[in-house]
Structures are given as structure tokens and as C-alpha cells.
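Open the model in your viewer and keep the selection tool ready. The tour moves from stop to stop, and each stop tells you what to select.

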Amino acid sequence: MTSRKLTLSEWDGHYAQLVRGGLREPAYGGPLRRHVVLEGDLRLRQLRFDESPAALRLWNFLLTENQRLRLARAQGAKLVGAMKDLGTVPVMAYALPGLRAFYPDGAWWTPCLMECSDGLLQQAEALGLDASFCPVRAMLAAFVSGEHFPLPDLLLCSAGAVCDDFSAIAQRLEPMGFPVVWWEMPRRRPPEAGEPEAELPGNLRAPQVQVACVREELERIGHLLGQLAGQPLDDETLARGIRQANQVRRLLAALRRAVYASPSAPLPALEMLVAEMLAIHFCSDREETVAVLTDLLAEAEGRLREGRCAIPADAVRVFWVNPVADLRAMNLLEDWGGRICGSDYMFTHALDLIPEHLPPLEALARTALADPMVGSTLERAARIVADCRAGGAEAVVVSRIPGASHCAREGALIREVVRRELGLPSVELEIPPVCDALLPTLSSRLQALIETARAKRTA
Amino acid sequence: MDIFYASPWVPVEWIKAHGFEPRGVWFADGFAFDPVPLSAGICAFAQAVERFAERHSEGAVIFTTHCDQLRRGFDAVARSVRARVFLFNLPATWQTRAAQQLYAAEIDRLGTFLAGLGGHAPTEAELQQVVASYGDARRRLLEAASTCPARAYAEAIARFHWDGSVCFPAQTAVCPTPAVPLALVGGPLPRSQWGLLDLIEDAGGRVALNATEAGERSLGAGVPAPSGVWSLEGFGSGERPLSEPLSEPLSQPLSQALLQALSVVSVSHVRDKGCDKDEAPAGCARAATESLARTYLENCVDVFQRPNTRLYAWLKERLGSRQVRGIVLWHYVGCDLWRAEAQPLREAFGLPLLLLEAGETAGGSLRQTGRVEAFLESFQ
């Protein structure tokens, strides 16, 4: 039995039915349609959604983030803009009372959600950042307009082994009157022979000297966060924050296992992508993230018990690398006979558990260094290979982010390793913020991949 | 053995003192741009460094971490020629103890790599001798910066990055022409692209400031030598904004600062630890690498630094004193770091700016010629 995917129009009627049936929702709940009408999230009209109340809650949670942040500020919370590290600074910020951390980077999805009606990309171009830059350039325009996310009280950004385009765009903020506190993220390297080393999450290793560098930088950031919160970020407070972050990570791990490892996926790829994104900063509300993920996990497990699935069992199992600029791409994969069996959306370090047996700052430093984007592409590829094996992948998609400086070289390297180690077919796709104009190309490339993978089943 | 480096912020003194010849990769024979799929956003320079490392089996190549494509270029070659390549982690930040320690650790590690290639750990006396020699060369080059014609100056700096020497062509005076003084700012300008300097002159301009990667900028900011105490008072405590530079650029060239710093190290270690200046005990070596790190970090002027305020301070001083009227921003395909600076450079200095994309063809393209000519015509 297959669970339905609903269009926005179908969700209108379905929502009314759920409400009549006694649907209970959190304060940010409501029909999906309102995000189109009130917020201009036009892309929702082109997406197809899971039909469960758990998925509805997930979408409402995601799409109300800016309103919830504004409300939090009105209630006295201080806002921390964390940039680039994807999963580290928010663990520290949420450990302290009265702080909310979010990623201004997330504005890269605004042109997609609003089908470019927001004008952010055009404004970015007027600021000198044209289409040769990653869509994250929308962030700069969002800072200038102040109309999307609220301007943070403290702005932090990791620098060093990070994407050049992001670093260049973030640097533009400073002369515009948005001071940035930079912290160093070294390029992770394997320890030399005899060099003191540390184990990192994700079965990685790094020299202790690099861990010490990140730890010292995080300590500096911790002081600033403590000043903002009016309470020092001591070891006990941070350890508690790490345990709470791990609660989210454990839930996500269980959800990923339930969905990706099952013969037929109980939840669709699109909702799983959004769910994974919650790991990096809890969508500005850690407690609610736990509730949203708990619901999703219950839904997935319930469907598995009942033999209901979102994607049929014969779908080709695809491992997906990099996040997509257009959410619709995840629908398209399933339309053409694929399903996700594993993912590396550039923040696998935010999915791994933060070690709880170590001093908390040391543990967080090690986790930050496990970022797949700060190490060798070959190490990233090795994890992809291991995860492909674990998830029984039959094909790999490397999705290119238009204009992203790292994409020019990494895709070919990753695909080469995947081909050599696993013999899997793979394809590299560039997906712009609104991919409609490229549908014929994307369609033919994805279909060819799926057909190739299917042919291998019978070979 | 030749050790080729891809960034001027790799301490060449350290390589030389280990008994090798440091060579700027920009000026190596065989360093050439192969046709690359530019539409894919691949940087021709990073690709050229990668190819050079693969083909050049008799030397070693030092990559740096300062840009995405060089980092990943290293990943690509490290599999096949691991023993001959090294990835030097240049910190992007420069105002913290962590950045300084990271730099020092990388210098240490580079020493180990060089020892693995057959080099020897230098004594302090050897290191000081090398530093003095490079310091003298940098000083002479900096003195000629405002008077030497662009092509001759590019050749002189190339020579310095090749063998540490200074050799100016016979004719080094600026011609008293009404040429428009321009600043050439941006990424690497290898020998094969020097035609751009001629092109600018032919079109009625002259490069009064070569601020490309291996140009005048590579000689250092000229900040004072650290006094032996790395003061971080106030950092992170709210007493001082974190983005505020630790020190303002002064007029002392990098190697002078380095020599001064090493003298402090040497004297204090000989006095305190009883080291012989002709030996290379571990404690002295560590102090030397820390001094190298501190001085290089304080003198680095580059677009990848965060914040990048020092680049702007360095430019401001020279654009003003040389009465520069326009900026040519030289960048590679896929180089977001430089491209993103086009608008801030315009806004900061109020000068007309021409974006010029490095092509894979030597000597420039018709399109490049047309753009340069039109740019200079606009000054008439």
C-alpha cells in the first residue's frame, strides 16, 4: 500500500478534513496554503507533499522560522547569526538561556521558495554578486533589505577551509555595517606519523594541534555568546547543550535508519531533506525540533508496521550528494523511479553524535572538524562510499550548486571514487533555484541514471 | 632540489634554510594553462598548479589552502604524487593566537616535509643569514616599486621569487609619458600573462601598482616586527572590536621585520637556554618557527584574509601616493574571492574599475584587448 503525495490544492481539502477529524497543531500550525498567500512562498504550488499530519507540522515549522524568530526577539531573546559552520555554533548558543541561533545562509532557499519573486538574487546582482556566485548570495540582499530574517544581535562566521563564495559574500557584510566575528576553521588533514592525534566523529582523525586550534576559537566564541546571554558558557552548561543536541541527532539517526534502510521508503525524499536540515540549528527552536522529529519518526515507524510506504519497493536506491537549490528536484527523483537511500547534504558532521565522554569544548571542536567540507574531498568520498554500501545504493547523484566554488572540482573526484570503489553509475546535475526551465534536461539525465541502475539489477 | 610554492605566504626563507631552492610556481618553465572547461567554473590557475605538480617529477610543489580550488587540486594530485606535494594551511584569520599557532605548526610540519626530501634543519645562524639575504632583496625591490616600469618590475619580482636575487634591467626609469597610472589588482599573473602589462602600455596606460599575487603585494605589508610578546589583551572581552586590526601597516618590509624578530628569539634563547647559534635544538627551532609565523601573519596582504581590512589599507596608501586613476581587477574564472571585491573596491576608492578575466591563452585575447583599450579611452 502506498501513501499518497499531495499537491498544495489537494492539501487544502485534506487539511480541512484533518481539522474536522480533530487535528491538534502547535501555535505555528495552519494550512500550507497560507504560506503562499501571506508569505509569497509560491514554490509550494509546484511541490508534492507527504499527506501525514507529521509532515504538515514539519512544513509549518520550517516555513514559520522568520516569524518565530521575530516573536522570540519581541519576547526578549537575543539572536545569533551563525554563518557557514553548519551545526557547531548553534549547539553553544542553545545551551544558553535567552539565545536563539539561526543561519542567515538559509536565505539561499528563499529565491526557490518564492520563485524569485523576492527579488533577492536581482538585488544581490545589483550589489555586485551575479549568477557566477552561489545562490547563497541571496543572504547579502536579505541583510540589506532586512525583510526576511531579523537582523541578528551577534554575527559569527567560520573562515579558512570554507567555501570561497560564502566567505567572499560574508566579507561584503562588514563594510555594509554588519560586523562579523570570524573564527578559524583549519583545513582538516590526516595526522603525520607520530603526531598526537584525536578521533573525530564519522570515523575520522585529525592532529591534536588542529583540534586545539578549533577548541581555542570556540572558547573565544563561547565568551562572546556568554556576554550576549549575560551568563558564562561554562562546561556544565555546554555539556547539557551537547546532550540536548544529541537528542535531536539520535532522533534523526533513527528516522534516517527507518526511512533510508527500509525496502520501501515510508517517507518521501523532500520531507527527509527538510528533516535533516533541522539538525544544523534546530530551525530556531530546539524543543520543537524534538517534537517535530518525534512525530515524523512515529509516522515512519507506524507506516512500516502497517506496510504502507511513500515510495514503492522497486524504486532505484539513490545516494544524493549536496543539497538542492530547488526543492522540487527531490520530487522529480521519485517521479522518475528513484528514492533516496542515503545523503550527504554537506553537513554530515551535524548528524553524528557529539562525544559526551570528552570535555565539552573538546568534543565540539572535534565535531566541527569532522565537517565534510573542511577536509579532503577524498575523505568525504570515502564516507559516501561507506554510506552507499550501508544503504544499498544503486546509483549516486552529485547535485551541483550553481556558482559554488567547491562544486567545480569535487563532483568529479567524488564520482571517480564511487565508480572505482563501488562500480555504481553516477551523474552530476546542476540544479538552479527554480529548475523548471531545465526539466527536460534534468529529466533525461535522471531517467538515464535510473534506467542504467535498473539494467544492472538484471545483468 | 627545487621546491615550488603556489602562494607568496609560504615562508621561502624556511625552504631555503633547509637547503632547497624555493621557486615561485608562477614563473616556472612548463607552468602553463591547459585548455580547461571554463564553463564548469574551473580555475585555470589551480588547474595549472595541479598539472605542474603531476608532471614535474624532479621537484616538490607546495599548495596552499587559501582557496577552494587549490585545496581540491591538492586532493586530486595527492593520490598519485603524495611524496612530492604539500598542502600548507594558511589561516584566513590573522588577529588571534589560534591563527598564529596554526601558522607556526604548519611551518614546523613543512620543515618535517623538507627533511623527508633530504633537507636539513637549519641552525639559527643559517636561518638568519637567509632571512637577511631575502630581506635585503625585498627592501631593494620595494624601494624600486614606484619608479620601475611595470614589465621590468614584474621581471625583477619574478627573479626574486625564482632565486631570491634582485636584478633590474638596465633601463628602469619611468618614461615621462602622459600614460594613465593604473593599479593591477588580483590573482596570480604568471609569466605567460605578462602580455597584459604591454597591452596596458600600448593602450595608453601604465601599471603604477602591481598588486597581483606575485607582484609588489607579495613582498609583504611592512608591519613592525613583533616585540616578542603577542598581546591579545581585550580579545573577546568586549574591550576591543574583534575586527579591528592589531597593527596598522608601516613601512618596514617583511624580511626586516622577520630579521628583527629572529634576533629577539636568538638572543633570548642563547641567553636563556644556553643554545649554540650554530646548532638547531628543538626549543630554538620552535621559537624560530613561531617568529616566522608571527611575522608572516602580520605581513600577509591578501584577499582571503578575514577580515580583509589590511588589503584595503595597503591599497589605499599606495593608490594615493602613486596617483592611480583606475583599477584593473585581474581574476580567474571561478575565483569568487577576487570577483566579489569588484564593487567594494569601486566604493572604497572611488576609482573606475575594469574586471578582466584571465584566459587560458597567453598574451591576452581580442576581447581582453578591446576591454583594456576601451577602459583607457574612457580616461581621455
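Helices (H or I, at least four residues) and strands (E, at least two) are DSSP runs, numbered from the N terminus. This is a predicted model: local features need pLDDT of at least 70, side-chain atom pairs count only at pLDDT 80 or more, and totals for chains, interfaces and linings use all residues. Residues are numbered from 1 along each chain as its sequence is written, chains are lettered from A and ligands numbered from 1 in the order in which they are written, and side-chain values use heavy atoms, with hydrogens and water left out.

**Stop 1: the largest cavity**

Select C43(B), H66(B), C67(B), P188(B) and C335(B). Of the 20 residues lining the largest cavity, these are the closest to its centre. A cavity is a set of points, on a 1 Å grid over the protein atoms alone, where a 1.4 Å probe fits but cannot get out; lining residues have an atom within 4 Å of a point. The volume is about 210 Å³, taken as the space filled by probe spheres set on the points, with grid points joined across faces, edges and corners.

**Stop 2: a bridge between chains**

Select R339(B) and D130(A). Their side chains meet in a salt bridge (2.4 Å, N to O). The term means a side-chain nitrogen of Lys or Arg within 4 Å of a carboxyl oxygen of Asp or Glu. R339(B) lies in helix α11 of chain B and D130(A) in the loop between α7 (120–126) and α8 (138–145) of chain A, so the pair joins two chains. R339(B) is buried at 14% relative accessibility; D130(A) is partly exposed at 22%. Buried means under 20% relative accessible area, exposed over 50%, partly exposed in between (1.4 Å probe, protein chains only).

**Stop 3: helix α15 of chain A**

Select residues 360–369 of chain A. Ten of the ten residues in this helix are buried. Next, pick E362(A) and R215(A), whose side chains form a salt bridge (2.4 Å, N to O). E362(A) is in α15 and R215(A) in α10 of chain A, so the pair ties together parts 147 residues apart in sequence.

**Stop 4: D85(A)**

Select D85(A), in the loop between β3 (78–83) and α5 of chain A. Is D85(A) buried or exposed? At 4% relative accessibility, D85(A) counts as buried. Show D371(A) as well: the two C-alpha atoms are 8.0 Å apart, across 286 residues of chain.

Definitions and conventions: 1 Å grid on protein atoms, 1.4 Å probe; cavity = no way out; pocket = protein on both sides within 12 Å on 5 of 7 lines; lining within 4 Å.
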